[in-house]
Amino acid sequence: MVLREGPLLDSPDRARLSAADPGGRAVPGRPRHGEERVNPKPLAGIKVLEFTHTIMGPCAGLVLADLGADVVKVEPAPAGDHTRRLPGFAAGFFATFNRNKRSLALDLKRPDGRAAAHRLVAQADVVLENYGPGTMERLGCGWEDLRKVNPRLVYLALKGFLAGPYEHRPALDEVVQFQSGLAYMTGPPGRPLRAGASIVDILGAVFGVIAVQAALRERDRTGEGQRVCSSLFESAVFLMGSHMAGLAATGEPPPPMPARRGAWGIYDVFDTAGAKGESNQLFIGVTSDQQWVRFTQTFGLEALAADARVATNALRAGARSWLIPALQEVFLQYDQDEVARRCEAAGISWAPVGKPADLFDDPHLAANGGLLQTAISALGGGAMFGLPALPVEFGEGRNRAGLVRQPPRMGEHNAEVLAEVGFEVREIARLAEAGVIVGG
């Protein structure tokens, strides 16, 4: 399958999966304040070699690539990143985390492959790796090996654990969700449950990028690179910080979130008129006394507005046993659109119970460049779907990082990447003939 390179707005599928204006044209993201949208590239000029697989490492490379760094994904020849071939819920991993990169498929187990990698490292700013403990060292591409090649190198190791008794253990997102208490806090009592996305992989990747940027800033001052590391376990533990602090402050172990004692009186999912089920449900949160006043006015709840038992948020939190059922009866008088309209008018927080499929047509994402039309390799034929952009904006134009390259074929950029560091055509041909590089 050929995944074509090119800017996001050239995609013929854009109109099919994005909101359209009254004239039927796709609306990928209207400029604000009269300014034309641009693709911000604050990390332009930074050269990154990415030796990664699955989510944590590729996500770190994705963030750097979306921000303008030149990221070369060094895939293990001859098979390439195994994420390309994962089935089931993981079939979209490669497309999600590998846009805006180039691919070099290189066999590091062979001397010529290691030598080629070292020539690339000599001109790189950053190396990323998230293989198991000791793997890069066995391949001659660990930190101690590569710092000799390039003393200015910033080397990011994305691991299961930081330094300590656990550091040689392998780890997975789900493993550390259970180990850290995140799964305990997510599921109902007695039923620990992993979160509904690989949040620890992604958080660990983002912390890794923060460390890389800090190390690059320090290199500006000292002229020297360094090894930095982020990890799954410590990232998951960071998420537990507020629960740990709450335990320390109150002496009470925090219960799982489904059984928690809420801080707000109204902070629940409610049914609206119509058939029972998620399609007619809304989450509604009333989190201040000012919001309560507006809420009761908008829904015509004069008796509740005058009821001293629920005059403050603290009182409403203590009255949930009867207040929530009473409000449920109110919401059942209206359909979902009407409840949403009134919540919007009252200026309180609300949301439908969404599903991933809903996001392809979300009007807010379509209007602000929040979805990037990306080729899904698992589908074949270059089919495009909108996948999430980085959740950041730049400048007065509120510009979003865009898509410059589709996720690459394995080894698609072998020749150009090697030529950039001085390999001659005959050398590249020899490496290909010997199977040291594959694809292209």
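These legends walk through several close-up views of the structure above.

The model is predicted, with local features needing pLDDT of at least 70 and side-chain atom pairs counting only at pLDDT 80 or more, while totals for chains, interfaces and linings use all residues. Residues are numbered from 1 along each chain as its sequence is written, and side-chain values use heavy atoms, leaving out hydrogens and water.

**View 1. Helix H12 packs against helix H16.** Here H12 (residues 289-298) meets H16 (residues 336-346) at an angle of about 140°, and their axes are 9 Å apart. Helices (H or I, at least four residues) and strands (E, at least two) are DSSP runs, numbered from the N terminus. Axes are lines fitted to C-alpha atoms, for helices over the stretch in contact, and angles run from 0 to 180 degrees between N-to-C directions. That angle makes H12 oblique to H16; angles under 35 degrees count as roughly parallel, over 145 as roughly antiparallel, 65 to 115 as roughly perpendicular and the rest as oblique. Look for Arg294, Phe295 and Thr298 of H12 touching Arg342, Ala345 and Ala346 of H16, where contact means heavy atoms within 4.5 Å. These residues divide into three nonpolar, one polar and two charged (Ala, Val, Leu, Ile, Met, Phe, Trp, Tyr, Cys and Pro count as nonpolar, Asp, Glu, Lys and Arg as charged, and the others, Gly among them, as polar).

**View 2. Three strands form an open sheet.** Its order is E7-E8-E9, with antiparallel pairing; two strands pair if DSSP finds at least two bridges between them. At the edges are E7 (266-271) and E9 (349-352), each pairing on one side only. From one strand to the next, the twist averages 15°. Strand E8 (residues 281-286) is joined to E9 by four bridges, and Ile284 stands opposite Trp350 in E9. H12 packs on this sheet, touching E7 and E8, and its direction makes about 130° with that of E8. Helix H15 (residues 320-331) also lies across E7 and E8, running at about 40° to E7.

View 3. Asp70 lies in strand E2 (residues 70-76) and Lys47 in strand E1 (residues 47-51), so the pair ties together parts 23 residues apart in sequence. The whole structure has 23 salt bridges.

Methods
A salt bridge is a side-chain nitrogen of Lys or Arg within 4 Å of a carboxyl oxygen of Asp or Glu.
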